[in-house]
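Biologist: I would like a close look at one part of this model, with every criterion stated. Please set it in the context of the other charged pairs and the surrounding elements.

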Amino acid sequence: MPAPIAAASAGARLIAVLKARGGVRPIGITDTLQKLIGRLLTEDVKEAVAQQLHSDNPRVKQFAIGVPAGCPKLATYIQRYLDKHPGCVVASSDCHNAFQEMTHECAATGLAATEEGGGRGMLAHFCSMYDRPEGTTHSYFTADGQKHDVTLWTGFTQGAGPSTLIYSVGQHPKLVKVAESASDVQIPSFVDDTWLLGPPDQSLIAAKEMQRVIPNELGGSIRKWEFLYAPEANALTAEELQDAGITNATVADGGLQIVGIPVGSPAYIQETIRSKVIEHATPLNQLTSLALSDAQAALLIFMYCSVRRAHHLLQVIPYDAAPEEFKKLDNNLVSTFAKIVDIDLDELTAHPDSLRRLRQPWKNGGQGLPALADVADPALIAGWATIAPWLAKEFDRTLATIDPATGTHDAHLTAAWDRLQAKGDDVRGLLPTNIDDLIDSELKHLQRDITQAKDNIDFKHM
């Protein structure tokens, strides 16, 4: 890109997004031309980059690139690893200013190393945008309307189209080096969030290597570590951690949030869902306020955002893990719907058929607001039908094999499977004979098909 055009379009307007755990995340809103070029180049190189990220070492897995539905797969993988390895530890690392502090050399080396140079098309764009003597200017406005500039000398804009791809491919060789230091440690990551899974002594070796590699070779620093120990794991002592150079570690209280999804003990998952239900109440209240001026907009946001957000959670978290919390969320959804469309809630719930009609899809004359308890089993089994074959292929078939005695996740899957089998021939005909047969199946649209079959059964009974 010619220097004047690169200088004009390289910067960004910074937006300060508050982090859930405190602090500010600077997101760059980039120039339209830069967005367009970045998206085109990303589409062109993503296959080569995905090949690079998933071929060097099978124990290093980047879930943000080349893994469809990477978030639920990552959370499910870590949960099942914990269930199957009761003596393991999950070490979660939190990098400080990862995008802003990665060295340009690290990013360029990663792009150039892709399969047959497939990522080099992105390399020229990256260098022209960021690797310039005068730096890259980012601007932000304060509450008083004043404009302020920040010059970026390292890293690149978090929020720009190719940022995730560039960071992942630059980070990958460093994580491979960490994996080589400890032979029995798995290293999944989601962009700059990285976890170490393995025996405590081996995970400590890998953590020590990460402490060295991140600041010296990648750029940036590890802000803190959090260690989640499985029930039979031997906890690392403060002296062992200090000897490894880790002075910023905490012990997780029963679980971790993995890309926003709770993983760990049943009590931790239940408490996290309770917190999420409370958080969910705030935007629901905002929608009821919006409905006073624009009921149509409020209803659309409610149906396509609020309701689907709850359904998405059920694809990973079993309803049985927090039944009272999910029931409360369902009641909140029904109450919000009644307020948006200006229907008296008591009248809506007074007759069972009124609520059952509400639960039916639009094609059956309903309002498309199914009970979360009815959504739960099809969502969980359909999610597992997507994840199980992938786990068996990418990791270990035992991770995808169901044994209710080895963990609560397996027990919840088994219970959901049995309930669906008991729904009758229409539902049973959509499923294989045994739940473990899902490992070798390629079932598409399973949640939709099961839900439609269940809706038809309920409609006939009305």
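With which residue does K174 form a salt bridge, and how far apart are the closest N and O atoms?

Modeller: The model is predicted, so local features need pLDDT of at least 70 and side-chain atom pairs count only at pLDDT 80 or more, whereas totals for chains, interfaces and linings use all residues. Residues are numbered from 1 along each chain as its sequence is written, and side-chain values use heavy atoms, with hydrogens and water left out.

The partner of K174 is E217, and their closest N and O atoms lie 3.8 Å apart. K174 belongs to helix α7 (residues 163-181) and E217 to helix α8 (residues 200-218), so this pair ties together parts 43 residues apart in sequence. A salt bridge here is a side-chain nitrogen of Lys or Arg within 4 Å of a carboxyl oxygen of Asp or Glu; helices (H or I, at least four residues) and strands (E, at least two) are DSSP runs, numbered from the N terminus. K174 is buried, with a relative accessible area of 19%, where buried means under 20%, exposed over 50% and partly exposed in between (1.4 Å probe, protein chains only). The contact is part of a network of salt bridges that links K174, K177, E209, R212 and E217.

By this rule the count comes to 17 salt bridges. Another joins D440 and R397, with N to O at 2.9 Å. This pair also links distant parts of the chain, 43 residues apart: D440 sits in the loop between α17 (425-428) and α18 (446-461), and R397 in the loop between α15 (372-394) and α16 (408-421). D440 counts as exposed at 58% relative accessibility, and R397 as partly exposed at 43%. Within helix α2 (residues 32-53), E43 and K46 meet at 3.3 Å, N to O; being three residues apart, they are separated by about one helical turn. E43 is exposed at 52%, while K46 is partly exposed at 41%.

Strand β7 (residues 187-190) and β8 pair in the antiparallel sense over two bridges, pairing being assigned if DSSP finds at least two bridges. They form a hairpin with two residues between them, and V191 in the turn has a positive phi of about 60°. F190 stands opposite D193 in β8. Strand β4 (residues 89-96) also runs antiparallel to β8, joined by five bridges, and V89 has G198 as its bridge partner. Five of the six residues of β8 (residues 193-198) are buried, so this strand is largely enclosed by the rest of the structure.
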